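Hi everyone, thanks for coming.

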Amino acid sequence: MTLRIVGFAGSLSRPSKTRALVDLVTAKAAARLGATAATYDLTDLQPALVTAQALDDLEGLPRAIVASILSADALVVGSPVYKGSYTGLFKHLFDLIDPAALAGKPVLLTATGGGDKHALVIEHQLRPLFGFFEAVTLPTGVYASGAEFSDGVPASPALLTRIDRAVSQFPKDLLHRPTSTAA
Ligand SMILES: Cc1cc2nc3c(=O)[nH]c(=O)nc-3n(C[C@H](O)[C@H](O)[C@H](O)COP(=O)(O)O)c2cc1C
C-alpha cells in the first residue's frame, strides 16, 4: 500500500506563498517517505466552504478534498498569519471536522507571514488547534517570512534547512499506523 501525504494551505490568495510552502514541504515529505502527494488550499473549497455549517453541506470536489485530507496517512498544513493567527476560513474548515477525525495523524505545521514578528503563530495557534484533535504534530514547525521567498517560492537557505529538519521528523513507521477515515 502506498502512503499518501496531503498538504492543505489556509490561504485564499493565488498565487499564494503559503501554498508554495505547503507544496514544497509536502513534496519533500513524499520523496522522503516514498509516498504520493497532493496539495489543496481554501480556494479549492470555494464557494461552498463559506456557507457550510457541516461537512455534509459540501459536495463534489470540495467534499472529495476534505475526504482526502481526513484519510491521508500524514498532513502538511499551513496558514498565512492574519492578525497574529491562522485565517478565519482555515479555522472554519476545521470547525466542521469531527473532533476524533485527526487523532493520531502526523501533522507538520507551517505558516507564512509578512515578517518574523508572528513566527510563534505555529506554537501559540496552530499547535493547540491540532492538539485539540489529538493529532501528532511534529516537533519542528516551519515559519517563513516574505523575505525568505524568491519569485514566490521558498528560497532562503535557512528556510530550506528548516524544511528538511521538519520533514525528517515524520515517523518512519507511518505505514503501520491506523488512519482515520471519517469524512
Ligand atoms: C488580512 C491580513 C492580515 C495579515 N496579518 C499579518 C500579521 O498579523 N502578521 C504578519 O506577519 N503578516 C500578516 N499578513 C501578511 C501575510 O501573512 C503574508 O503576506 C502571507 O505570506 C500571505 O500568504 P499568502 O500569499 O499565502 O496569502 C497579513 C495579511 C493580510 C491580508
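Which β-α-β unit do β3, helix α4 and β4 make? A right-handed one: strand β3, helix α4 (residues 88-95) and strand β4. Right-handed here means that, with the strands pointing away from the viewer, the path from the first strand over the helix to the second runs clockwise. Helices (H or I, at least four residues) and strands (E, at least two) are DSSP runs, numbered from the N terminus.

A quick word on the source: this is a predicted model, where local features need pLDDT of at least 70, side-chain atom pairs count only at pLDDT 80 or more, and totals for chains, interfaces and linings use all residues. Residues are numbered from 1 along each chain as its sequence is written.

Now to β4, residues 106-113, where eight of eight residues are buried, meaning 20 or more other C-beta atoms lie within 10 Å of a residue's own, with C-beta atoms placed from the backbone. Pro106, Leu108, Thr110 and Thr112 point one way from the strand, while Val107, Leu109, Ala111 and Gly113 point the other way.

What about its neighbours? Strands pair if DSSP finds at least two bridges between them. β3 (residues 74-80) runs parallel to β4, joined by six bridges, and Ser79 has Ala111 as its bridge partner. Strand β6 (residues 142-145) also pairs with β4 in the parallel sense, over four bridges, with Val142 standing opposite Thr110. Strand β5 (residues 136-137) pairs in parallel with β4 over two bridges, and there Thr137 partners Val107.

Thanks, and happy to take questions!

Conventions. A residue is buried if 20 or more other C-beta atoms lie within 10 Å of its own, exposed if 12 or fewer, and partly exposed in between; C-beta atoms are placed from the backbone.
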